[in-house]
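Hi,

Here is the structure I promised to pass on. Have a look at it first, and my notes on what turned up follow below.

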Amino acid sequence: MPSQPGSGLEHVAGLRCLICGREYRPDEVEYVCPHHGNEGILDVQYDYALIARRISQGDLLHSTDYSMWRYRPLLPIRADAPVPPLLVGWTPLVRAHQLAAELGLKGLWIKDEGRQPTGSLKDRASAIAVVKAREKGADVITTASTGNAAAALAGLCASVRQRNVIFVPQSAPPAKIAQLLVFGSQVLLVRGSYDDAFELCLLAAQEYGWYNRNTAYNPYMTEGKKTAALEICEQMGWQAPDVVLVSVGDGCIIGGLHKGFRDLYHLGWIDQIPRLIGVQAAGSAYLYDAWVNREDVRTKPPIEAHTVADSISAGLPRDRLKAMAAVCETNGAFICVSDEEILAAIPALARGSGVFAEPAGAAAYAGLLKALRNGQVRADERIVVLVTGNGLKDVQSAMRSVEQVGTRAHVVEKTFEDVRRVVQQFNRAKESSSV
Ligand SMILES: *Cc1c(COP(=O)(O)O)cnc(C)c1O
Ligand SMILES: [Zn+2]
């Protein structure tokens, strides 16, 4: 059911329930399908013929808007909707020549989402949340988060002085909690898991009428995240990559990438949709297990999630339907990597490319190494690794990662003799490694 004329959302053809397929007008439902409760996640449907009349690849060539809003006609917002001033999107797509050479690959690119204003890809979704909440005139926006979605919402709200209430597990890395407090959010540290925080946040939003940004509940978050896929294609000259690797917790990012690539495919701007490879941590491998064992994710019970990669720790991935569709419909795969592999990937990626990732960001690179070993990715393919979050988000894990590979700093006395002693050690180490 299309949006009403004059609403400014004529390009939004409807919101379709992933379970029953019913379609609603955007003004008819707020978040989920009324027939399916919290499980009835909605997918935004577009009128691509109308969108094609409003934006072309040529327009983008001349666009000077180097942010996610350059794709505004492809987003579920009005053409004149005010957007937050904090610059989100258009992150670098780095050609990783050195890593590619080491791995024997023809083409490897890293999309560096650590360069977002609050340090993770979540800024793309939170930016949309702020626009939609203001459209509704909401007093308060709320979200549950493992940390990054909250930091993103906190930063974007601060940029427009919007009140917000955040639910995060008490175990979230201190840097992420610091971001929330610095941005002035009201913060509830939940003595429990992300899954517990999520349930509490839903209840609070219902009780107090707060605008709800929760992933895989608010249908518009996928639409913000899809802009990463739009950028990847534009940055590669509209030659879509063969394969994209991304870490997966709730599954909203991988679902968003799928959506972005499908949008471009429907518009005829790309002629293939990349295979999507979802990388999960061994201790939080709900979707990997379901994919390997062909389990139905509508009925598979939650697992107990534990991993060093806090951003992908999810016992019940909230966007599991979209994530499974992203992998299955693109002939992709799920891959599972251990915490050791994730930690090892932090310095490996940083030393080979200069990109410092938090554990969940490095997990995608760990996944690439495994996919190459398993033959799931070929050396002659055009490969994109989506690095979802900045390494400074979790310094403790970064320090563990370098300990694991035996890198340490040298403490010196404040004398040049002591410097000489250490430099001699460097030189000896260099000689012994070169023989
Ligand atoms: C949220 C997040 C992910 C996982 O995204 P999902 O949508 O939960 O699958 C991966 N990496 C980082 C850094 C994140 O913040
Ligand atoms: Zn439904």
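For the residue classes, Ala, Val, Leu, Ile, Met, Phe, Trp, Tyr, Cys and Pro count as nonpolar, Asp, Glu, Lys and Arg as charged, and the others, Gly among them, as polar. This is a predicted model, where local features need pLDDT of at least 70 and side-chain atom pairs count only at pLDDT 80 or more, while totals for chains, interfaces and linings use all residues. Residues are numbered from 1 along each chain as its sequence is written.

I went looking for cavities (on a 1 Å grid over the protein atoms alone, sets of points where a 1.4 Å probe fits but cannot get out; lining residues have an atom within 4 Å of a point). Searching the whole structure gives 2 of them at 30 Å³ or more. Volume here is the space filled by probe spheres set on the points, with grid points joined across faces, edges and corners.

The largest cavity holds about 290 Å³. It is lined by 27 residues, and Lys122, Gly249, Asp250, Ile253 and Ser311 are the closest to its centre. Two or more lining residues come from each of α5 (148-160) and α10 (252-267), helices being DSSP runs of H or I, at least four residues, numbered from the N terminus. The largest share is from α10, with 3 residues. Its lining splits into 11 nonpolar, 12 polar and 4 charged residues.

The second largest cavity has about 120 Å³ of space. Its lining includes Asn38, Phe198, Tyr217 and Arg320, and α7 (194-208) and α12 (320-329) each give two or more residues to it. By class, that lining has 6 nonpolar, 1 polar and 3 charged residues.

Cheers

Definitions and conventions
Chains lettered and ligands numbered in written order. Heavy atoms only, no water. 1 Å grid on protein atoms, 1.4 Å probe; cavity = no way out; pocket = protein on both sides within 12 Å on 5 of 7 lines; lining within 4 Å.
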